[in-house]
Amino acid sequence: MSEQAPKWRFSRSHSEAYKRCPRYYQKAYIEGGTGIEPAALSMGLSRGSLGHEILAQYLNHVRKGTETPEILREIFAKAFFDFKNKALDRTLEDIDTSMLEWEIDRQCALVEGMCRAWIKYRLPMILDIYEIVATEVEREIELSPDVVLMTRIDNELRHKQTGEYAALEFKFTKANRSDYFDSWRYATQTAAHLIALEEIHGGRASSVLMEFLMVGTVRSDEKSGMDIYYSPLVRGYRLPANPPLQPDDIYGHESKLGIKKGWITFNVWEEVLQGKPAWMSNMEYWVEAVLPPEKAREQFVTREIFRHEDEMEAWKKRVVAQQRRLYTGVQMLQDKATEDQALDVFFPGNFDESCYSNKYFRPCPFLPVCYGELGTDPVESGKFVRRTPHHEREFEV
Ligand code: SF4
């Protein structure tokens with residue numbers, strides 16, 4: 001590294017990408033200067049980013065004591081406007097253009113439902129115990145004199161009685177499995193967050209609250225080939241009014257009602273909901289006035305993760321060694337004379353079955369690049385775009 005006390009800046013996602021496949025890391029973060037990514041937005045990632053952005057803005061108001069229902073409505077409106085423009089511009093992966101606008105509306109409705117249910121039922125429980133001290137603040141944590149972790153914890157919390165710090169982390173997920181929830185006990189992210197909290201605030205940080213907001217079961221419809229989201233947040237059931245015996249429509253949320261005589265299945269965001277005030281969105285009315293609390297609470301899961309100091313220290317040592325090695329590899333990549341050697345030695349590809357089916361049972365997004373299907377310039381092919389870095393000083397040395 002250079003003589004002016006250089007510092008190699010990296011984020012946890014860089015480290016995880018490298019473990020997944022060194023060539024994946026090189027494509028995602030280094031190629032062309034800042035890395036490349038598929039032009040079509042990933043449904044899961046873009047839905048998660050949208051939800052994170054909305055909750056970050058709202059919890060910032062909660063932290064300052066300025067939150068109101070009107071502010072929340074404005075946050076949703078602005079975030080959805082931006083998301084729609086971006087998704088119309090870049091499209092969503094695996095979605096036919098004729099269904100793109102409809103799918104964008106469905107994703108916005110799902111995110112609104114998940115966020116509203118969490119804010120209504122889960123947030124007050126957290127605020128009984130903790131105060132929010134920071135939301136998505138960019139932090140730089142010196143792991144060693146030459147390696148710096150860039151991190152943005154979703155929320156930094158302080159326990160109201162003990163004064164201990166904790167992290168609050170959101171995951172928007174389809175994986176409704178206890179092995180997935182429990183795996184965070186061993187995850188890099190929880191160790192990294194606790195190291196960061198201890199550096200930022202001093203003293204011992206207690207835990208990471210992992211908040212899982214459930215997307216619901218997603219199945220492909222045999223007739224249309226489209227995915228159906230079996231989430232009570234966006235899929236409703238209605239027994240039409242039958243006066244004088246039943247003067248009003250009756251709403252339901254259990255998927256078994258879909259095959260019950262007389263019941264009609266509908267999309268919550270598209271339906272004309274009986275009794276809804278004009279100023280409320282369908283999703284607000286559905287969560288506030290129709291969906292039973294016990295059903296809404298089933299849409300999120302929590303795990304409080306504790307890590308031992310020894311585990312955190314061991315992670316720190318491993319990741320510093322890894323990043324020093326990556327620094328060397330990236331320097332060699334930038335020199336034409338050593339570029340090929342760097343690719344072979346520091347950034348070899350998996351080139352195995354994981355290219356086609358990764359841990360999410362999906363093909364690696366770089367499969368057509370690595371297997372030469374897009375020529376020499378993936379960006380020129382129109383299938384990839386340059387990545388916008390998530391951290392201001394990414395890879396600054
Ligand atoms: S396609 Fe295979 S080799 Fe290429 S980045 Fe993905 S996992 Fe690595």
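**View 1. Helix 8 and its cover.** What covers the buried residues of helix 8 includes helix 5, strand 12 (250-252) and helix 9 (293-297). Here a residue is buried if 20 or more other C-beta atoms lie within 10 Å of its own, exposed if 12 or fewer, and partly exposed in between, with C-beta atoms placed from the backbone. Helix 8 spans residues 282-290. Its buried residues are Asn-282, Met-283, Glu-284, Trp-286, Val-287 and Val-290. Helices (H or I, at least four residues) and strands (E, at least two) are DSSP runs, numbered from the N terminus. This is a predicted model: local features need pLDDT of at least 70, side-chain atom pairs count only at pLDDT 80 or more, and totals for chains, interfaces and linings use all residues. Residues are numbered from 1 along each chain as its sequence is written.

View 2. Five strands form an open sheet in the order 3-6-7-8-14, with mixed pairing. Two strands pair if DSSP finds at least two bridges between them. Strand 3 (130-135) and strand 14 (300-305) are the edge strands, and each pairs on one side only. From one strand to the next, the twist averages 25°. Axes are lines fitted to C-alpha atoms, for helices over the stretch in contact, and angles run from 0 to 180 degrees between N-to-C directions.

**View 3. Strands 3, 6 and 7.** Strand 3 and strand 6 are antiparallel and share five bridges. Glu-131 has Arg-158 in strand 6 as its bridge partner. Strand 6 and strand 7 also run antiparallel, joined by four bridges. Leu-157 stands opposite Ala-166 in strand 7. Glu-156 stands opposite Ala-167 in strand 7. The hairpin of strand 6 and strand 7 has five residues between the strands, and Gly-163 there takes a positive phi near 80°.

**View 4. Strands 7 and 8.** Strand 7 (residues 165-173) pairs with strand 8 (residues 205-214) in the parallel sense, over nine bridges. Phe-170 faces Glu-211 in strand 8 across the pairing, standing opposite. Lys-171 stands opposite Phe-212 in strand 8. Strand 7 is largely enclosed by the rest of the structure, because eight of its nine residues are buried.

**View 5. Helices on the sheet.** Helix 3 (residues 43-64) packs on the sheet and touches strand 3, strand 6 (155-159), strand 7 and strand 8. The direction of helix 3 makes about 115° with that of strand 3. Helix 5 packs on the sheet too, touching strand 3, strand 6, strand 7, strand 8 and strand 14. The direction of helix 5 makes about 160° with that of strand 8. Two residues are in contact if their C-beta atoms, placed from the backbone, lie within 7 Å.

**View 6. The largest nonpolar core.** This core holds 83 residues, and Ile-54, Met-114 and Ala-166 touch the most other members. A nonpolar core is a set of buried Ala, Val, Leu, Ile, Met, Phe, Trp, Tyr and Cys residues joined through C-beta atoms within 7 Å. Helix 5 (residues 100-129) gives the most to this core, with ten residues. Not counting residues up to four places away in sequence, Ala-166 touches residues including Tyr-130, Leu-157, His-159 and Ala-205.

**View 7. Around the ligand.** The ligand is surrounded by 13 residues, the closest being Cys-21, Gly-349, Cys-355, Cys-364 and Cys-370. A residue counts as near if its C-beta atom, placed from the backbone, lies within 6 Å of the molecule. Helix 2 (22-30) and helix 12 (367-370) each give two or more residues to this shell. The largest share, three residues, comes from helix 2.
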